[in-house]
Amino acid sequence: MSALKYALSLLALLVVSTWAEERPVSEILWEANKDVVRTEDEPYVVDDIAYDNEMERNADPCTSRGCMWGKSGDGKIYVPYTVSSQYSSRERSIIDRGLQSFSGFSCIRFVKRSNQRDYLSIQSLSGCYSFVGRTGNSQTVSLSRQGCLYHNTVQHELLHALGFNHEQTRSDRDQHIRVLLQNVQSGMQHNFNKIATLNQATPYDYNSVMQYHKYAFSKNNQPTMVPIPNQNAVIGKATQMSQNDITRLNRLYKC
């Protein structure tokens, strides 16, 4: 290959990578999860949230039981993790960047597991998903090599593991978005159930990395969520954690 062709191929790869990194996390999650078939060894999953069983899906673990990761004597929250050897070095660097990003704006520290009982097991399984909060022992965070390895997706699933639900399920969401269930795919209405969330006195955030886009789970290309009072407000376009995401994380863990 000539030097010119090589340079052009690198430029094309950079353009594709940059475009993918700028895509909203809600679009990435939807595409990565829409057609997956999970194995019997994987947990019960709804959208990108994992549960021990179907009965748990309408409860918020952070309000129904203790799900936070414990604080150490130095004021830091150390969350142990392992990463599967399935990933290439480039894929691992994306995961590492997402893990380490939390140390820049919070007291959360993701650390490689040694012998801790409770830890995150990051694997490439069927799509992107995580349990909400600390469940005890090994808990899966799936970041499939096919469609889940982006900085915002890693942050999104780690926020689930730290105890956060989707923005559109917030207890106060009806003051900020109108859900149009008539446009939602059959069997997907549960993704819009309200939960008794812990909002940490932060405002509803259209730009949260946990907010889905207005056409999420649409069956007819019509919006499933419309912001109010300004229906033209942009929602679900976050490419990384917002300031409100960071604030509520720090308040929950008293950083």
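**Annotated site first**

I started at glutamate 157, which sits in helix H5 (helices are DSSP runs of H or I, at least four residues, strands are runs of E, at least two, and both are numbered from the N terminus). This is a predicted model, where local features need pLDDT of at least 70, side-chain atom pairs count only at pLDDT 80 or more, and totals for chains, interfaces and linings use all residues. Residues are numbered from 1 along each chain as its sequence is written, and side-chain values use heavy atoms, with hydrogens and water left out.

UniProt, in an unreviewed entry, puts an "active site" at Glu157; such annotations may be inferred rather than shown by experiment.

Is Glu157 buried or exposed? Its relative accessible area is 0%, so I noted it as buried (under 20%; exposed is over 50%, partly exposed in between, with a 1.4 Å probe and protein chains only).

I then listed what glutamate 157 contacts (heavy atoms within 4.5 Å). Beyond its neighbours within four places in sequence, I got Leu29, Asp48, Cys128, Tyr129, Ser130, Val141 and Leu143.

Skipping residues up to four places away in sequence, I found Phe110 touching Leu162 and Leu158, among others.

**Whole chain**

I counted six helices and nine strands. Of the 255 residues, 49% are buried.
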